Amino acid sequence: QVHLVESGGGLVQPGGSLSLSCKASGFIMDLYAMGWFRQAPGKEREKVSCINTDGVPTDSDAVKGRFTIWRDNAESAVHLEMNSLNPEDTAVYYCASYMSPECTSANDYWGQGTQVTVSS
């Protein structure tokens, strides 16, 4: 059974940093792209960052230069380092797996989400 479990969310002041982690189990994470999405209140879920099996990241314009995604296949984990956070980054952040090694494929499994709140 596939599980994706996020951790690391919380409250941070504007300009601060936060790191998220996603632990995967039940499948061989090495073979699939992995990504982070977020959903703010009243808004649709949006893609944040993705990393393919070659370790090549793809970031949305909203987070480019501020967020860094990386994967640790040995630990079956994918991480998201978030810097220069602003209130617009407030959302529930979800980890997701893709159906192929590339970020252009569809998503199949999702974590339960972790809340990130940026506020003074």
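S84 counts as partly exposed, at 44% relative accessibility; the class runs between buried, under 20% relative accessible area, and exposed, over 50% (1.4 Å probe, protein chains only). S84 is found in the loop between β8 and β9. Its phi is near 50 degrees, a positive value in a residue other than glycine.

This is a predicted model, in which local features need pLDDT of at least 70, side-chain atom pairs count only at pLDDT 80 or more, and totals for chains, interfaces and linings use all residues. Residues are numbered from 1 along each chain as its sequence is written, and side-chain values use heavy atoms, with hydrogens and water left out.

**Overall build**

- The protein chain has zero helices and 11 strands. Helices (H or I, at least four residues) and strands (E, at least two) are DSSP runs, numbered from the N terminus.
- Along the sequence, the pattern reads β-β-β-β-β-β-β-β-β-β-β.
- The C-alpha trace spans about 40 × 25 × 25 Å along its principal axes.
- Of the 120 residues of the protein chain, 43% count as buried.
- Contact means heavy atoms within 4.5 Å. Among contacts in the protein chain with a separation of 6 or more, 56% join residues 24 or more positions apart.

**Surface and charge**

- The protein chain has 8 positive and 14 negative charges, and their mean positions are 4 Å apart. Lys and Arg count as positive and Asp and Glu as negative, while His and the chain ends are not counted. Each charge is placed at NZ of Lys, CZ of Arg, CG of Asp or CD of Glu.

**The nonpolar cores**

- A nonpolar core is a set of buried Ala, Val, Leu, Ile, Met, Phe, Trp, Tyr and Cys residues joined through side-chain atoms within 4.5 Å.
- The largest such core has 26 residues. Those with the most contacts inside it are M34, W36, F67, V78, L80, M82 and Y93.
- Strands that each supply at least two residues of this core include β3 (18-25), β4 (34-39), β8 (77-82) and β9 (91-98). β3 gives the largest share, four residues.
- A second, separate core has six residues, including A33, C50, A96 and C103.
- L80 belongs to the largest core. Leaving out residues up to four places away in sequence, L80 touches L18, S19, L20, W36, V48, S49, F67, T68, I69 and Y93.

**Buried strand residues**

- M34 lies in strand β4. It is buried, with a relative accessible area of 0%.
- M34 and A62 are 28 residues apart in sequence and 19 Å apart in space, C-alpha to C-alpha.
- C50 lies in strand β5. It too has a relative accessible area of 0% and is buried.
- Not counting residues up to four places away in sequence, C50 touches A33, M34, G35, V56, P57, T58, I69, Y98 and C103.
- C50 and S97 are 47 residues apart in sequence, with 9.3 Å between them in space, C-alpha to C-alpha.

**The start of the chain**

- V2 sits in the segment before β1 (3-7). At 19% relative accessibility, V2 counts as buried.
- Beyond residues up to four places away in sequence, V2 touches S25, G26, F27 and Y109.
- V2 and P87 are 85 residues apart along the chain, and their C-alpha atoms are separated by 32 Å.
- V5 is in strand β1. It is partly exposed, with a relative accessible area of 46%.
- V5 is in contact with S21, C22, K23 and Q112, leaving aside neighbours within four places in sequence.
- V5 and Q112 are 107 residues apart in sequence and 6.8 Å apart in space, C-alpha to C-alpha.

**Another loop serine**

- S76 is found in the loop between β7 and β8. Phi of S76 is near 50 degrees, a positive value in a residue other than glycine.
- S76 is buried, with a relative accessible area of 19%.
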